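Please keep the sequence and the structure in view while reading.

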Amino acid sequence: MKIELYQAIIVTIAVTFLLKALSHFLRGERTIKELIAVFVFWGFIEYIAIFPDTLGKISYFLGFKDYLAAILFSSIAIIFALLFKILLDQERHKQEITKLVRELALKDGENKDDIRT
Amino acid sequence: MTEKKIFIILPAYNEDKHIGDLIAEIKSLGYENIIVINDGSTDLTKLVAENSGATVITHPINLGAGAATQTGLTYAKRKKADITITLDSDGQHNPKDIEKLIKEIEEKKVDIVIGSRFKGKNDIPIVRRFFNLIANLMTFALSSTWVSDTQSGFKAFNQKALEKIDIKSTGFEFCSEIILQIKPNSLKFSEIPIDVRYSKESQMKGQSLANGMITAFKLFIQAITR
């Protein structure tokens with residue numbers, strides 16, 4: 001089987017993301033659900049890169065007339081996945097800031113209590 | 001009055017018009033441990049609350065009702081409160097109902113009591129009823145727990161509930177998050193009817209379609225990433 005350059009690039013990117021996710025999971029920074037989601041998503045991209053004909057079958061199954069529509073559809077899916085990742089990261093940062101601000105406020109309140117008593 | 005250590009938590013954001021009267025009303029009923037969580041207010045909320053005799057914990061920035069409530073619950077937990085009550089600081093809840101919530105915890109031996117606006121005879125605007133129903137259905141779909149007023153901020157928690165409940169949501173979706181945590185933590189809950197006193201300002205809070213959509217989206221994200 002001949003591997004084109006674009007296929008090698010996509011597979012490398014996908015494997016990098018998969019290893020990164022696995023490392024995050026092993027360090028307890030990712031839940032099993034997140035790990036599965038990452039594996040399903042990048043696994044699918046990798047599979048499509050290695051077996052591009054599958055895209056044609058999926059396009060036919062979904063009713064797309066040509067590859068262009070399928071590529072557009074895939075692009076939207078990738079953008080959605082990236083947006084989702086950004087939202088998750090943003091939510092995580094928000095929670096860290098919230099935790100920090102809450103703890104500072106509680107410490108300040110407890111110090112005031114100590115002064116009063 | 002019961003001898004238990006009771007803490008009243010008032011999460012507040014720019015409520016200098018109502019907070020003073022509310023604290024005075026609660027004090028007149030004999031409750032001493034009144035904690036105002038000043039959530040980054042830009043008005044005189046902090047000053048008014050302190051002058052009214054409440055303990056004020058201040059978030060340097062505005063985090064949202066959920067974060068303010070969790071700060072209050074954590075404070076009460078560290079002070080080893082027996083029963084902790086949360087209520088809205090805009091004055092929409094009647095402090096006279098606090099006694100009913102405490103009684104329910106003591107007599108029914110439940111961990112959480114939710115004050116329901118829909119179980120009492122209240123004149124609630126139809127729009128608010130509609131949004132509340134949507135929130136109830138959504139919360140039920142995610143938690144399998146039916147509550148008639150999922151968005152009520154008037155609640156009572158015993159020590160066990162204080163230990164178990166950990167609100168991660170910062171905004172108004174925290175009310176649903178508390179309900180989501182009931183079953184997994186094997187907590188018992190009940191609902192009792194409460195009075196509601198809507199002002200023009202309190203009617204404006206959290207009832208838009210946009211707010212509902214944002215809450216729904218946040219609950220969805222939480223459900224799939226938990």
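In β6(B), Phe157(B) is the bridge partner of Ile112(B). The model is a predicted one, in which local features need pLDDT of at least 70, side-chain atom pairs count only at pLDDT 80 or more, and totals for chains, interfaces and linings use all residues. Residues are numbered from 1 along each chain as its sequence is written, chains are lettered from A in the order in which they are written, and side-chain values use heavy atoms, without hydrogens and water.

**The sheet of chain B**

- Strands are DSSP runs (E, at least two residues) numbered from the N terminus, and two of them pair if DSSP finds at least two bridges between them.
- Strands β5 (residues 112–116) and β6 (residues 155–158) of chain B run antiparallel and are joined by three bridges.
- Seven strands of chain B form an open sheet of mixed pairing, in the order β3-β2-β1-β4-β6-β5-β7.
- Because β3 (55–59) and β7 (189–193) of chain B each have a single partner strand, one side of each is left without a neighbour in the sheet.

**The interface of chains A and B**

- In contact (heavy atoms within 4.5 Å) are 19 residues of chain A and 26 residues of chain B.
- The rule finds two salt bridges across this interface, a salt bridge being a side-chain nitrogen of Lys or Arg within 4 Å of a carboxyl oxygen of Asp or Glu.
- Arg78(B) and Glu110(A) meet through their side chains in a salt bridge (3.4 Å, N to O).

Note on methods: Helix = DSSP H or I, 4+ residues; strand = E, 2+ residues; numbered from the N terminus.
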